[in-house]
Amino acid sequence: MTKLRCVNCGARFIPAPQVPNQAYCSKDNCQKERRRRWHKSKLQSDPDYKINQSLAQKAWAVRNPDYWKEHRQGRPDYGNSMDPEQDFSDEAPGNPSIKMDSLNPPPTLRKALQNGVFRLKVLVEPDGVKMDSWIVELSSIHAGFKPISRRVKR
């Protein structure tokens, strides 16, 4: 039997005869990645599937109204993903369980991010976190760049 190379981990494996186009080995992490990619692709290509997933998530939230509150209370470091080497000495310590996107940036950062062209580099795709969230590095390509006009030429 011909061995194939796993798309996820790169290990060689013997494919199951029942799966002619098998691309992933049977390791748990590789199967998890296969299912994650299938789910992401299905959400993008099948509007009915996307609606059903959304309805199922809403129904689960209605059945489990205190889940996230208990989840945060059971993890004192929940939401505190700051790099310990970062220096935030001029800022008052905040609530570590607050969502990062609800923090008010310091005025200098707000001004620096108003205009410009930036590059986002994905550093890590966190495991066990929302599938659509990334940890990124933001670097300026050109500061003070004028926004693209939304006018249409006729």
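Buried means under 20% relative accessible area, exposed over 50%, and partly exposed in between (1.4 Å probe, protein chains only). At 44% relative accessibility, Leu138 therefore counts as partly exposed.

This is a predicted model, where local features need pLDDT of at least 70, side-chain atom pairs count only at pLDDT 80 or more, and totals for chains, interfaces and linings use all residues. Residues are numbered from 1 along each chain as its sequence is written, and side-chain values use heavy atoms, with hydrogens and water left out.

Helices (H or I, at least four residues) and strands (E, at least two) are DSSP runs, numbered from the N terminus. Here are the two ends of the confidence range:

| Confidence | Helix | Mean pLDDT |
|---|---|---|
| Lowest | H4 (residues 107-112) | 66 |
| Highest | H2 (residues 47-63) | 95 |

Back to Leu138: you'll find it in strand S4.

Now look at Lys27, in the loop between strand S2 (12-13) and helix H1 (28-45). Lys27 is partly exposed too, with a relative accessible area of 45%. Not counting residues up to four places away in sequence, Lys27 touches Cys9 and Ala11 (contact means heavy atoms within 4.5 Å). The C-alpha atoms of Lys27 and Ala11 are 9.8 Å apart, though the two sit 16 residues from each other along the chain.

Phe13 has its own contacts beyond its neighbours within four places in sequence, among them Thr2, Leu4, Gln22 and Tyr24.

Notes
pLDDT is the predictor's confidence in each residue, from 0 to 100.
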